[in-house]
Amino acid sequence: MILAIDVGNTNITIGCVHEGSIALVFAISTNIAKTAEEYAMDIKSILDFHKIKPDEIEGAIISCVVPPLSNSIRSSLRMLSNIEALIVGAGVKTGMNILIDDPAQLGGDMVAAAVGALATHTPPIIVVDMGTAIKMCVLDKNGSFIGGAIMPGLSLSMNALSTGTSQLPHVTIEAPGKLISKNTIDCMKSGAVFGTASMIDGMISRFENELDNDAISIITGGHAELVKNHCLREIKYDPHLILRGLEKIYERNRA
């Protein structure tokens, strides 16, 4: 069994992968103030709850968009199971050409998402990751990573709207009954959910125009299923896309 770990700005998602299948997925909150020992205790307690022993873990791979946590999580795994985790970054074999200005700037999460998409779909592919930020990337017909776009995520946008205005409250992120809403709270919900869905529909259309080709679209991340259900375009939903990609990268670097 290996651990595939995606360290995001809000949550750290951990997948237990056994013989190519994801057997268990759990998440812990991202906190840069936590020590390696505290993360080791968090991970161990959840593994213990699911009756997974540390000596069953033979390896691990990490994608991280919070640089201060890379070494902390790596050290926690060393304490937990005496393994040296692979961190997605320069020098790691991905099996994918990255054709952007500076490949070193590309986050490990988007590398893993792209690799996961290529493992199960034929390019061109558009990947949408609904995290703290909404990240969209494009794989051309040759399977090369050619770029994308980054926008504020739903929670980030809604918090900015509430804290940056005098009369708009904090609201839960969910779809209201109607697009044309009749009160402030439902209007905010409409803008968040339907507005984001419209943005994704529009960006996919613009990407396809620039590619001069239709593409398969895949969405993943925290609010992915909610937003996908209100998109007008056909978009495939894969909640574990990044974890699948991490497992593929691990296998390519196993030796």
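# Strands and a helix in a predicted model

Visitor: Which residue in β9 stands opposite Val128?

Guide: Val128 stands opposite Ile219 in β9. Strands here are DSSP runs of E with at least two residues, and helices are runs of H or I with at least four, numbered from the N terminus.

Visitor: What should I know about the model itself?

Guide: This is a predicted model in which local features need pLDDT of at least 70 and side-chain atom pairs count only at pLDDT 80 or more, whereas totals for chains, interfaces and linings use all residues. Residues are numbered from 1 along each chain as its sequence is written, and side-chain values use heavy atoms, with hydrogens and water left out.

Visitor: How do β6 and β9 pair, parallel or antiparallel?

Guide: β6 (residues 125-130) and β9 (residues 216-221) pair in the parallel sense over 6 bridges. Two strands count as paired if DSSP finds at least two bridges between them.

Visitor: And which way does β7 run relative to β6, parallel or antiparallel?

Guide: β7 (residues 133-139) runs antiparallel to β6, and 6 bridges join the two. The hairpin between β6 and β7 passes through 2 residues.

Visitor: How many residues of β6 are buried?

Guide: In β6, 6 of 6 residues are buried, that is, under 20% relative accessible area with a 1.4 Å probe and protein chains only; exposed means over 50%, and partly exposed lies in between. Ile125, Val127 and Asp129 point one way from the strand, and Ile126, Val128 and Met130 point the other way.

Visitor: Changing topic, what is the strand order in the open sheet of 5 strands?

Guide: The order is β3-β2-β1-β4-β5, with mixed pairing. β3 and β5 (86-87) each have a single partner strand, so one side of each is left without a neighbour in the sheet. Within this order, β1 (residues 2-7) and β4 (residues 59-64) are parallel over 6 bridges, with Val7 opposite Cys64.

Visitor: Which residues of α1 are buried?

Guide: They are Ala36, Tyr39, Ala40, Ile43 and Leu47. Seen down the helix axis, these buried residues fall within an arc of 100 degrees, so they line one face of α1; the arc is taken from the directions from the axis to the C-beta atoms.

Visitor: What covers them?

Guide: The cover includes β2 (11-18), β3 (21-29) and α2 (67-81), where contact means heavy atoms within 4.5 Å.

Visitor: What is exposed on the face of α1 turned away from its buried side?

Guide: That face carries the exposed residues Met41 and Phe49.
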